[in-house]
Amino acid sequence: MKFHLSAATGNIVTGHGPGWVRVGAIEYRESLVLTPEAIGPGWAPGGFETLAEADFARLLEGRPDVVLLGTGEVIRFPHPRLTRALAAGRVGLEVMDTAAACRTFNILAAEGRRVTAALIV
């Protein structure tokens, strides 16, 4: 078996901590939507408690196979009513804390998967 070093192309999370996420060399101190090709700051400005159906419907724009929802420092599950658009679009949803969502995003993006991360910081 041969192993080959592969470098990720596109956006990758290079750091994270309480209240911030760094993508490449740019640090974000607001929640954002991240795909391998795009960064959308300003997602869910009121945090987890104010998430609405429209916030999840917006995540379908990139036509992902899977959405990673990073809910901050602790894992919290949104009401199924909020994520109905994802289910209707046959898009998988994985809910985890933001640190885990950042790590998982990097792995899936490096594999070339169509992934969207919605990260609450």
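Biologist: Leaving aside neighbours within four places in sequence, which residues is threonine 83 in contact with?

Modeller: Quick caveat, this is a predicted model: local features need pLDDT of at least 70 and side-chain atom pairs pLDDT 80 or more, while totals for chains, interfaces and linings use all residues. Numbering starts from 1 along each chain as its sequence is written, and side-chain values use heavy atoms, with hydrogens and water left out. Threonine 83 sits in the loop between strand E6 (66–70) and helix H2 (84–88), where helices (H or I, at least four residues) and strands (E, at least two) are DSSP runs numbered from the N terminus. With contact meaning heavy atoms within 4.5 Å, its partners are Phe56, Pro78 and Leu93.

Biologist: Is threonine 83 buried or exposed?

Modeller: The cut-offs are under 20% relative accessible area for buried, over 50% for exposed and partly exposed in between, using a 1.4 Å probe and protein chains only. Threonine 83 comes out at 12%, so it counts as buried.

Biologist: How is the pair of rings of tryptophan 43 and phenylalanine 56 classed?

Modeller: Rings of Phe, Tyr and Trp (its six-membered ring) pair if their centres lie within 6.5 Å; planes under 30 degrees apart are stacked, over 60 edge-to-face and the rest tilted. That rule gives one aromatic pair. Its centres are 6.2 Å apart and its planes stand at 90°, so the class is edge-to-face.

Biologist: How many residues apart in sequence are the parts that this pair ties together?

Modeller: Both tryptophan 43 and phenylalanine 56 are buried. Tryptophan 43 is in the loop between strand E5 (39–41) and helix H1 (53–58), whereas phenylalanine 56 belongs to helix H1. The separation of the parts tied together is therefore 13 residues.

Biologist: What is phi of arginine 63 near?

Modeller: Most residues other than glycine have a negative phi. Arginine 63, in the loop between H1 and E6, is exposed at 63% relative accessible area. Its phi is positive, near 55°.

Biologist: And what is phi of arginine 90 near?

Modeller: Arginine 90 is in the loop between H2 and strand E7 (92–96). At 77% relative accessibility, it counts as exposed. Phi is again a positive value in a residue other than glycine, near 60°.

Biologist: What is the radius of gyration of the chain?

Modeller: There are three helices and eight strands, running β-β-β-β-β-α-β-α-β-α-β along the sequence. The globule rule, 2.2 Å times the number of residues to the power 0.38, is compared with a radius taken over C-alpha atoms. For 121 residues the rule gives 14 Å and the chain is close to that, so it is as compact as a globular protein of that length, with a radius of gyration of 14 Å.

Biologist: Among contacts between residues at least 6 apart in sequence, what percentage join residues at least 24 apart?

Modeller: For the overall picture, the C-alpha trace spans about 45 × 30 × 20 Å along its principal axes. Buried residues make up 41% of the 121. The share of those contacts joining residues at least 24 apart is 63%.
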